[in-house]
Amino acid sequence: MNDQAIIEFQDFSFQYFSQADPTLYDINLKIHPGEKILIVGPSGSGKSTLGRCLNGLIPFSYKGVITGSLKINGIETTSLDIFNLSKLIGTVLQDSDGQFVGLTVGEDIAFALENDNVAHAEMHTRVKEVARMVDMHNWLSSSPFELSGGQKQRTSLAGVLIDDVPILLFDEPLANLDPATGKTAIEIIDDIHNNSGKTIIIIEHRLEDVLHRDIDRVIVIKEGRIIADMDAHELVSSRILKVTGIREPLYVTAMKYAGIHVTSKMLPGHITSLKLEGSRNALRAWYKAITPDDHHNTNPSILRMKNISFSYDGIQKVLDDINFNIREGEMVSIIGKNGAGKSTLSKLLCGFEKEDQGTIHYKEKDIKGMTIKERAETIGLVMQNPNQMISKPMIFDEVALGLRLRNVPEDEISHRVEMVLKTCGLAPFKDWPISALSYGQKKRVTIASILVLDPKILILDEPTAGQDFRHYTEIMKFLLEINKRGVTIILITHDMHLMLEYTPRSIVLSGGRKIADTLASVVLTDSHVIAEANLKETSLFKLAQLAGIEDGTNFVQRFIDYEKGMRN
Amino acid sequence: MNSKMKLFSYNQVDSPIHRLSGLTKLICFLLLTSTVMYSYDIRVILLIMLFSLLILKVSRIKFSQIRLMIIYVLIFLFTNAVISFFFSPEQGVEIYKTRHVIGNLYGSLKLTWEQLFYQFTKFFKYASVVPLGIIFLLTTNPSEFASSLNGVKVNFKAAYAFALTLRYFPDIQRNYHDISQAQQARGLDLSHKAKPMDRFKYALLIIIPLIFSTLDRIEMISNAMDLRGFAKSHTRTWYTYRKLQRRDYAAILVSILLFLAALGVSAFINHGRFYNPFI
């Protein structure tokens, strides 16, 4: 390793003009050429700001006050503009769909070359070369709509690699990917690191997923300061994750539940490096001591799909003979990779689209004749991005909207809105403008604006997407509470933690067909379902194997039951 | 959703028209449109219309893709025709200087052959622009078109902005669709049952979230573009650049000839923009 640092922060601070306090304080950090660094931290910790300082978006697009020094390759960054910096450090942004600038893969990869005035013929040759590196060379003329999330991300990566930059910066590379694609992404990044020796910086809050492959150092940021700079084994065995609000790997959580003192000597940074000798018995004893929950639900049916088939164009079936029965008070997840038919399913339930075949029953009554508006009073849908729903400046008006559109008398409206705001923990903000709220609070507002119609079933599309552990827990606890009040909840999600921790039952779709409808613990340990639905085997299953516990699925189930017991 | 997404946006097929450069198609589009806009000769207009329908067939655009658009345009044209008749029922008489009454309509309102012929001509004049516009829109690769615009010295930022608009148009369309459905579930009535004033208010309930979620995207896109050096120099090259080829020149030539022919018909045969069969 070279002694000369490629990136060096010295007493570096930054404050956005629009903020009252600095976002980064006294950052001191050296990164050496060829290192692979992971930067973790909860939302708002300043980790993305750190990334923006590196790639030059600060101060180019986001203005503020910089103090101290940041050198890249020995050059002070304040003396470089964003274009010089883009030759030193290539950035792959979080949303690979949004940064897909070109109309086709080839064009998008070529974007940096176009801006450099590279000649037409040379450009085409280089695009082909780089596309081959990320295995996209057969897709050069495809448009973004024809690509999967992983393919879009690989295209973004190629668009950055084409400049042959010495440093690659990945800003939350896992945010929009399903578990299997995320795993592949981490592998691709690792392969590039091994083959090219480039310096790699990954900003993420999903620690366990990034630790699927080796990382040299993990930097933890909290409230604008670096609070840890250590290797993964040390970090995972310390208390830092708990303090910072970052989710520790599940297998580590399980070990701690079992009363095992996790030390860095056990190499707990990766499940593949973990040495469990000496602790196996503790884990087995813990496993045997858990009393399993009864998962039998005998409530009457609230929502039933019978032989549902649907296609948009009359040719390709997006849903093919779907059957399921959801009982009152259940909390169910619907999972499957992009294009598996999850969103279409929710559209049919809400009446946005009409099924070609089959019937949907609410409490055993066929709802075919019900309009969108009528259905909304029983089945509420919360969209993924709160900005897609919010249309009023004030919180009260936003929540009241559905009632006003139904001509409910104003005094009843104010009563009902206040009740819902209280349930959602938004009562103190009643007279606030929505723009003053955080993302998580906005999410609550959108949930409140649906709950006010008093639906019996609530469908949420990716309710925790892009949320860090603390916000994730907040939202999910809130949903649990609503669930306890008797609302049946259906969650459309990619998030395996969410399935494991909150939805006892999962319905898995693949290619428009239902391929599983069972306990989450079974789904996440069934290699066949995992492969078809782009999931990833949970590390708890590996842990069970390491501990010599034969029934891994049952181990996962007991873990879930144990956690649930702790929550109550 | 897939079939809907392709509506009004470029679709990739290999046809002689698709193979023409975007610049060529723009020039031809402008020439032919000016031709029908200038001329009030029904023979010229019908000829151009026939010609553009032929091109529409050659460019392998399916009727299902454009059905909705055609229906809207026809509705618009019919309303326009009816309204303009009531506003100036004697326009044709003024133009053609003769008066052949077909019959009484209401009070002093009479239908004349002149008026009918004039409105018939006008109807086809506007209608014939539609296939031309459709061809241009649906067969032109936006970024290739941007590159040809830049090739004729149009500022590349402006050219790129155009390509980008078309790149994100389907996204915004889909977003609009999703938002509109979610708002309908909250009780928004977009049907004709709602009063016009309410419908305007309701439209805002969709447009506001659309604007906010689109603004999020714009920030992201512009960051992505900055990070990859957009506009670092005063020029740029284009991945999709195509040199004008012989078929491009041929197409432009055909359009110019049609344009000149129409001018010729006006100047030497009709002695004016109108063709008058009544004298």
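**View 1. Packing of helices H3 and H8 in chain B of the predicted model.** Helix H3 (residues 22–38) of chain B packs against helix H8 (residues 129–139) of chain B at an angle of about 170°, and their axes lie 10 Å apart. Because angles over 145 degrees count as roughly antiparallel, H3(B) is described as roughly antiparallel to H8(B).

**View 2. Residues at the contact of H3(B) with H8(B).** From H3(B), the contact involves Lys25(B), Phe29(B), Leu32(B), Thr33(B) and Val36(B). These meet Val129(B), Leu132(B), Phe136(B) and Thr139(B) of H8(B). By class, the residues of this contact comprise six nonpolar, two polar and one charged.

**View 3. Domains of chain B.** The domain assignment divides chain B into domain 1 (10–141 + 244–279) and domain 2 (155–239). Taken over C-alpha atoms, the centres of domain 1 of chain B and domain 2 of chain B are separated by 32 Å.

**View 4. Pairing of strands E1 and E4 in chain A.** Strand E1 (residues 7–16) of chain A and strand E4 (residues 64–72) of chain A run antiparallel and are joined by eight bridges. Within this pairing, Glu8(A) has Lys71(A) in E4(A) as its bridge partner.

**View 5. Pairing of strands E1 and E2 in chain A.** E1(A) is also joined to strand E2 (residues 24–31) of chain A, here by five bridges, and the two strands run antiparallel. Phe9(A) finds its bridge partner in E2(A) at Leu29(A).

Terms used: Residues are numbered from 1 along each chain as its sequence is written. Chains are lettered from A and ligands numbered from 1 in the order in which they are written. This is a predicted model: local features need pLDDT of at least 70, side-chain atom pairs count only at pLDDT 80 or more; totals for chains, interfaces and linings use all residues. Two strands pair if DSSP finds at least two bridges between them. Helices (H or I, at least four residues) and strands (E, at least two) are DSSP runs, numbered from the N terminus. Domain bounds come from an automatic or database domain assignment. Axes are lines fitted to C-alpha atoms, for helices over the stretch in contact, and angles run from 0 to 180 degrees between N-to-C directions. Angles under 35 degrees count as roughly parallel, over 145 as roughly antiparallel, 65 to 115 as roughly perpendicular and the rest as oblique. Two residues are in contact if their C-beta atoms, placed from the backbone, lie within 7 Å. Ala, Val, Leu, Ile, Met, Phe, Trp, Tyr, Cys and Pro count as nonpolar, Asp, Glu, Lys and Arg as charged, and the others, Gly among them, as polar.
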